[in-house]
Amino acid sequence: MKKILISFLLIAMTAGCVQTPSETDKPEEPPVVEQPEKPVDLEKPEEIKYVKKIDETKDWVYINDIHTSDMDFAYLDMKQTIIDSEFTSGNELENWFNTIVTYTPEIQDFTINMDSIDAENINRWIQEQVRSKLADPKSRGEHVFKVKAFENEEILSVLIRSCLFLPGSGWTSDTYIYNFDLFSGKTLTNEELLEKVLLDNLQVKELLKRTFDENDEIACDYPVNLTSCYYWQDFDVNDINYIFMVDNQLNILWSCSDEQGHEYYKQFSIK
């Protein structure tokens, strides 16, 4: 028993001699390194996949060349009459459409910058028009061929004027409007164009009729006496040749005529 007590005392004394290490003897704790916050993945805007351009460095419609010549000397005595024929009473686009004869006839050689079958066919026609007009002898008249283009995020509208002035005989003019889907490169029918702007045939008719109802003197703001510039109820959008977009507004060129049967246009923005 005495041996057991002595052994126990020795163990207790040994345990009491073990010292707790000082603060300076303690191993240093590794420094806390602040981790940068993980950046939140921002949603990337969806890339708009348009139809491929013929030349990616240029606009959807670009001018290759402009052929301008003064009116032939034989027509100089008509200079003031020609200048007076330029429309200035409408908006800029109405004036552009309604001015058929100019003192400096201009032929624009231009390209619809779109790699699609529809654009290719129209571009081929444009080149044929330019070549034939440039080859036409001056004595037969003065040609005008020009373009305007408007685009938004979905639609490209191409407006073309083709005119021929024959002194002493009068003039002829044609208007061509093409609406392209910028994603497919295809031309749009009127119904397809309306679908793009969430309208239908009935809505267009109602909006246009309201415009006429609100302005019963539509024909009176022209410098000529228009005998027919009125709304008719039984029309269909397919009957309208001149429907197009300017920015995000649907536009219609409404055909009017004077006593001589010459055609003029009023432009209506209906959305």
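Helices (H or I, at least four residues) and strands (E, at least two) are taken here as DSSP runs, numbered from the N terminus. By that assignment the protein chain has six helices and nine strands. The model is a predicted one, in which local features need pLDDT of at least 70 and side-chain atom pairs count only at pLDDT 80 or more, while totals for chains, interfaces and linings use all residues. Residues are numbered from 1 along each chain as its sequence is written, and side-chain values use heavy atoms, with hydrogens and water left out.

Of the 271 residues of the protein chain, 38% count as buried, where buried means under 20% relative accessible area, exposed over 50% and partly exposed in between (1.4 Å probe, protein chains only). If contact is taken to mean heavy atoms within 4.5 Å, residues 24 or more positions apart account for 63% of the contacts in the chain with a separation of 6 or more.

Side chains of opposite charge can pair when their charged atoms come close. The structure holds six salt bridges, each being a side-chain nitrogen of Lys or Arg within 4 Å of a carboxyl oxygen of Asp or Glu. One of them joins E92 and K148 at 3.1 Å, N to O; because E92 lies in helix 3 (residues 92-98) and K148 in strand 3, this pair ties together parts that are 56 residues apart in sequence. Another is formed by E94 and K266, whose closest N and O atoms are 3.6 Å apart, and since E94 belongs to helix 3 and K266 to strand 9 (residues 263-269), the parts tied together are 172 residues apart in sequence. E94 counts as buried at 3% relative accessibility, as K266 does at 9%.

A further salt bridge, between E120 and R124 (3.2 Å, N to O), lies within helix 4, where the two residues are separated by about one helical turn because they are four residues apart. E120 is partly exposed at 45% relative accessibility, and R124 is partly exposed at 41%. Salt bridges that share partners also join E154, D181 and K196 into one network.

Leaving aside neighbours within four places in sequence, K133 is in contact with residues including F145.

F145 leads on to the aromatic pairs. Rings of Phe, Tyr and Trp (its six-membered ring) pair if their centres lie within 6.5 Å, and planes under 30 degrees apart count as stacked, over 60 as edge-to-face and the rest as tilted. The count by this rule is eight aromatic pairs. F110 and F145 form a stacked pair, 5.7 Å centre to centre with 25 degrees between the planes, and this pair links F110 in strand 2 (residues 106-112) to F145 in strand 3 (residues 142-151), 35 residues apart. Both F110 and F145 are buried. W125 and F145 form an edge-to-face pair at 6.0 Å centre to centre, with 65 degrees between the planes.
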